[in-house]
Amino acid sequence: METHLEQNRIERYVNLELLAHQVVEGYIVGLHKSPFHGFSVEFSEHRLYNNGESTKHIDWKLYGRTDKMFVKTFEEETNLRCQIVLDTSPSMWFPTERHGYIDNPNKMTFAVHAAAVLVEMLHRQRDAFGLALVSDKIEVQTPVQSRTVNKTHVYRQLEQLLRPFVPAGTPQSTRISEPLHLLAEKLHRRSLVVVFTDVLMDNSEQERLFDAVRHLKHCKHEIILFHVLDNRFEVNFDYDSRPHLFIDMENGRSIKTNPSELSEKYTEIMQKSIKAIKQRAIQHNVDYVAVDVGKGFDQVLQPYLFKRMKMR
């Protein structure tokens, strides 16, 4: 049984690109029934209809006037440059027992697949994209390109994060501000910077984070901040009423307590923290999106598409 479960997990890792492809395919089918239809293309010209091809883009109004069938052709927009930034600090692996399982993901598994879905969408739109994996430094940075070979390279880097969590020998913390400062200077002007992070950091680091955000905005970059959380446990503190051992994944400190004893106070503090982060983002003209790992990828794709349309 254990071998079978491990094989299932390996297959999930291997199929990252396939899953991203399927998610985007399904989403685009839905877009065809919405105001987003044709969101990635601009009308270019007409050409005569060829027998046997799809009738999808026939201009029936023109047919009514000319008694001939013409097809609308479109040209892709190709001017967007997108830098995807993924926080790889230890807290992103919470809950560790759910890592690698996309049907019930932890934060890192969700963020990896969400990034893969965005890459698939960007590639379909012939936009340039790159990936930066960051902790207190830039761990990995791929070129910002639209080529298929770049997509393959990005997927391989993402797959490296679909591994069990291994605690570091020394305490670590979420300090992604410095890497963001570096990216602000290195990126091509007016890039779209998409950040996946749980923003689980102390107040001083939050201040440094928004200093980095100001730097990105000063360099003419647009930003979407995806605030990735497990709402059930991290926001609502929905644990069984029995003693639990809580361990801080970044500094190793632990406390044993019954969640019911501090649930009310915890949820109050957490809600205030999320509200404050959202307000800071809005003040800096950043698109803030609270993302629950249990609710699928539409909550990532839709804000991205809105942003892309505004950047035309």
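The paragraphs below go through this predicted model from the whole chain down to single residues. Residues are numbered from 1 along each chain as its sequence is written. Because the model is predicted, local features need pLDDT of at least 70 and side-chain atom pairs count only at pLDDT 80 or more, while totals for chains, interfaces and linings use all residues; side-chain values use heavy atoms, with hydrogens and water left out.

The chain has ten helices and ten strands. Helices (H or I, at least four residues) and strands (E, at least two) are DSSP runs, numbered from the N terminus. Of its 312 residues, 47% count as buried. Here buried means under 20% relative accessible area, exposed means over 50%, and partly exposed is in between, with a 1.4 Å probe and protein chains only. A contact means heavy atoms within 4.5 Å. Among contacts between residues at least 6 apart in sequence, 74% join residues at least 24 apart.

Two packed helices are described by the angle between their axes and the distance between the axes. Helix H4 covers residues 107-124, and H4 packs against H5 at an angle of about 175 degrees, with the axes 10 Å apart. The axes are lines fitted to C-alpha atoms, for helices over the stretch in contact, and the angles run from 0 to 180 degrees between N-to-C directions. Angles under 35 degrees count as roughly parallel, over 145 as roughly antiparallel, 65 to 115 as roughly perpendicular and the rest as oblique. H4 and H5 are therefore roughly antiparallel to each other.

On the H4 side, Val112, Ala115, Ala116, Val119, Glu120 and His123 take part, and they meet Thr148, Lys151, Val154, Tyr155 and Leu158 in H5. By class, this contact of H4 with H5 has seven nonpolar, two polar and two charged residues. In this scheme Ala, Val, Leu, Ile, Met, Phe, Trp, Tyr, Cys and Pro count as nonpolar, Asp, Glu, Lys and Arg as charged, and the others, Gly among them, as polar.

H5 itself runs over residues 148-159, and its twelve residues reach 17 Å from first C-alpha to last, close to the 16 Å expected at 1.5 Å a residue. The expected span is 1.5 Å times one less than the number of residues. The buried residues of H5 include Lys151, Val154, Tyr155 and Leu158. Helix H10 (residues 298-310) can be checked in the same way: its 13 residues should span 18 Å at 1.5 Å a residue, and its end C-alpha atoms are 18 Å apart, which agrees. Among the buried residues of H10 are Val300, Leu301, Pro303 and Tyr304.

Next come the loops. Lys295 sits between strand S10 (287-292) and H10, and Lys295 is exposed at 59% relative accessibility. Pro95 lies in the loop between strand S3 (81-87) and H4, and a cis peptide bond with omega of about -15 degrees joins Phe94 to Pro95.

For Val199, in the loop between strand S6 (192-197) and helix H7 (203-218), phi is near 50 degrees. For Lys220, in the loop between H7 and strand S7 (222-229), phi is near 75 degrees. Val199 is buried at 3% relative accessibility, whereas Lys220 is exposed at 52%.

Finally, the structure holds zero disulfides, a disulfide being a pair of cysteine sulfur atoms within 2.5 Å. Cys82 is buried at 1% relative accessible area, and Cys219 is buried at 4%.
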